[in-house]
Amino acid sequence: MIDFSVARRRMVEQQIIARGIDDQRVIDVMLQVPRHLFVEPGLQSHAYSDASLPIGEKQTISQPYMVAAMSAALDLQGHERILEIGTGSGYQTAILSLLAKRVYSIERISLLAGRARKVLDQLCLSNVNIKVGDGTLGWRDQAPFDGILVAAGAPDIPTEYLSQLEIGGRLVLPVGDRLQQILMRVTRQPDGSFKQEQLMGCRFVPLIGEQGWRTDNTD
Ligand code: SAM
């Protein structure tokens, strides 16, 4: 029988803190959220391993370190309204819901959105709105956002995200080709301009939609 809380503590020590994440709020929520509930029962013994894992529909739950690094890059204090693109399993959504005031999350695959909703409800995380649709267009009705986190790789930065970002807000997203990307942070400056930073190399499934890749074939 696996002791998941021991596995979770080891994950945080060896994969998160040892690699330089020092945002204590991020560390605390990574210790708190039961990642094994977001993977299929047959994969629960791997839930705290240093890897992304399949969640069905050709999609993945992100690697723990990437979830922590993207969350830390948003530099959240607790009062923010966040837009997340690519709900997937709902694990990153759960982490954000404990770091910010409200999370608006968009997933294009309804089966995944429905499953994520169930786990988030089970954990009583009630500050999350999920909708099914093309997240490359953002969520205009709820904009502007203090932070936007995109968990799928884009060919370019969708202009909708820039226009839906609050002054001082941060957009964190992978940009590159279908196989590898650079994790970027874009901050909207007080004068309305955008500061771009390259954080690290990464590898995400494609962001598919009107302002992303147009198809999900990998040929
Ligand atoms: N962070 C998630 C987690 O912890 O489980 C994993 C996200 S997974 C790497 C990327 C997700 O983005 C997939 O579920 C995929 O269906 C979704 N996706 C891709 N393009 C999208 C789009 N245009 N709008 C919304 N979701 C999209």
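Okay, let's start with who Gln181 touches: setting aside neighbours within four places in sequence, Gln181 is in contact with Gly153, Pro174, Val175, Gly176, Met200, Gly201, Cys202, Arg203 and Phe204. Before I go on, keep in mind that this is a predicted model.

So where does Gln181 sit? Gln181 is part of strand S8, which covers residues 181–188. Is Gln181 buried or exposed? Its relative accessible area is 4%, and because buried means under 20%, Gln181 counts as buried. Phe204, one of the residues on that contact list, comes up again here: the Gln181 side chain reaches the backbone nitrogen of Phe204, at 2.7 Å.

Now for the backbone. Which two residues are joined by a cis peptide bond? They're Ala143 and Pro144, with omega at about 5°.

Lys58 has a phi near 65°, and you'll find Lys58 in the loop between strand S1 (53–56) and strand S2 (59–61). Lys58 is exposed because its relative accessibility is 67% and the cut-off is over 50%.

Asp75 also isn't a glycine, and its phi is positive too, about 50°. Asp75 is in the loop that runs between helix H3 (64–74) and strand S3 (81–85). With 37% relative accessibility, Asp75 falls between the 20% and 50% cut-offs, so we call it partly exposed.

How values were computed
Residues numbered from 1 in each chain as written. Predicted model: local features only at pLDDT ≥ 70, side-chain atom pairs only at ≥ 80, totals over all residues. Heavy atoms only, no water. Helix = DSSP H or I, 4+ residues; strand = E, 2+ residues; numbered from the N terminus. Buried < 20%, exposed > 50% of the residue type's maximum accessible area, 1.4 Å probe, protein only. Polar contact = N/O pair within 3.5 Å; in protein donor to acceptor, adjacent residues only side chain to side chain. Contact = heavy atoms within 4.5 Å.
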